[in-house]
Amino acid sequence: MEFLWKCHDLDKGKKCPKNFKHVGRGCFSCKKFYDEKMTYRPETDLDGKSLKRFMDDLLEYRGWLDSMRGKNVRFGGTVASVFPHLKMAIDNGQGRVYMDGFYISFDSGYFDNNLFDDKIYLRVNGRFLCRTEATPGDDLEFDAIFTEDRGRIILRNPKKIEMTKNGGKECINISRAQVARATGKIIVGSIEKCEDCSYCSLIDIEDRSRKEISHYRRFYCLRGISDSDNCPARIEEIIRAEKRKIRF
Ligand code: SF4
Ligand code: SF4
């Protein structure tokens with residue numbers, strides 16, 4: 001289930017008095033703003049056999065998750081990205097963004113010698129980041145507590161850390177993260193275009209302005225660009241790549 005942000009005027013093709021092209025955080029106090037509750041029901045194209053195999057795999061995975069939850073585990077992997085853990089609290093239509101540590105993400109990694117071929121997150125505080133200066137490309141190995149939060153595997157309280165610096169590219173630090181927290185925006189355009197961008201982050205939202213408190217996640221641009229379809233940073237990158245092609 002999720003809530004979609006909508007606008008009565010944009011729905012009818014009318015112009016927004018503030019010239020917004022999409023509904024976003026700036027709309028919460030506008031009379032034209034409303035949100036629509038979407039409830040999704042899964043459907044499948046799989047035949048009976050494939051569906052059974054899928055359900056068996058799912059049950060096995062859930063069993064594995066249950067056996068891992070709360071355990072102290074040894075994990076090793078290559079850092080894919082480092083980004084702030086951002087939260088937004090919405091009260092009376094007003095959103096307040098705050099930072100609650102950082103995430104280091106891995107595209108895959110090893111629990112002892114067993115490959116886990118999916119995204120994993122390590123939750124760290126600013127002190128950890130200053131001390132290790134972890135950047136994408138570095139190899140990290142550590143003991144941590146295994147937790148799961150709405151489908152995301154999150155490792156916490158890292159100890160016995162071993163690290164190999166691989167001269168990875170520069171990435172976010174505490175002061176840049178604070179600026180990004182204040183100036184960042186929820187992405188309202190298509191997200192596929194942001195997938196490989198180091199400014200793309202997730203934000204956990206607690207919406208208290210409805211009858212029932214709802215929790216959901218959105219993609220958040222740390223560069224403060226909400227219209228990803230016309231993102232100048234991405235367009236610059238495309239132009240640079242085109243110029244490189246012309247030179248060769
Ligand atoms: S501010 Fe937002 S909700 Fe209000 S008219 Fe403009 S786009 Fe629509
Ligand atoms: S800078 Fe552009 S590509 Fe990167 S996250 Fe923001 S909107 Fe997406």
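The chain of this predicted model is assigned two domains, with domain 1 covering residues 1–43 and domain 2 covering residues 44–247. Taken over C-alpha atoms, the centres of domain 1 and domain 2 lie 26 Å apart. Where the domains touch, domain 1 contributes 11 residues to the contact and domain 2 contributes 12 residues. On the side of domain 1 that touches domain 2, four residues are nonpolar, three are polar and four are charged.

The ligands come next. Around ligand 1 stand Cys-7, Asp-9, Leu-10, Cys-16, Lys-18, Phe-20, Val-23, Cys-27, Cys-30, Lys-32 and Phe-33. This shell holds eight nonpolar and three charged residues, and no polar ones.

Ligand 2 has a shell of 13 residues. The closest of them are Cys-194, Cys-197, Cys-200, Cys-221 and Cys-231. Sorted by class, the residues around ligand 2 comprise nine nonpolar, one polar and three charged.

The strands β3, β8 and β9 can be followed through their pairings. Strand β3 spans residues 72–91 and runs antiparallel to strand β8, residues 139–149, with seven bridges joining the two. Within this pairing, Asn-72 is set opposite Ile-145 of β8. Strand β8 also pairs with strand β9, residues 152–164, again in the antiparallel sense, over nine bridges. β8 and β9 make up a hairpin in which two residues separate the strands. In the turn, Arg-150 has a positive phi of about 40°.

Is Lys-159 buried or exposed? Lys-159 is exposed, because it has 9 other C-beta atoms within 10 Å, and a residue counts as exposed if that number is 12 or fewer. Once neighbours within four places in sequence are left aside, Lys-159 is in contact with Phe-142 and Asp-143. For Asp-143, the separation from Lys-159 is 16 residues in sequence, while the C-alpha to C-alpha distance is 5.1 Å.

Technical notes:
Residues numbered from 1 in each chain as written. Chains lettered and ligands numbered in written order. Predicted model: local features only at pLDDT ≥ 70, side-chain atom pairs only at ≥ 80, totals over all residues. Near = placed C-beta within 6 Å. Nonpolar A, V, L, I, M, F, W, Y, C, P; charged D, E, K, R; others polar. Pairing = 2+ DSSP bridges. Helix = DSSP H or I, 4+ residues; strand = E, 2+ residues; numbered from the N terminus. Domains from an automatic or database assignment. Contact = placed C-beta atoms within 7 Å. Buried ≥ 20, exposed ≤ 12 C-beta atoms within 10 Å, placed from the backbone.
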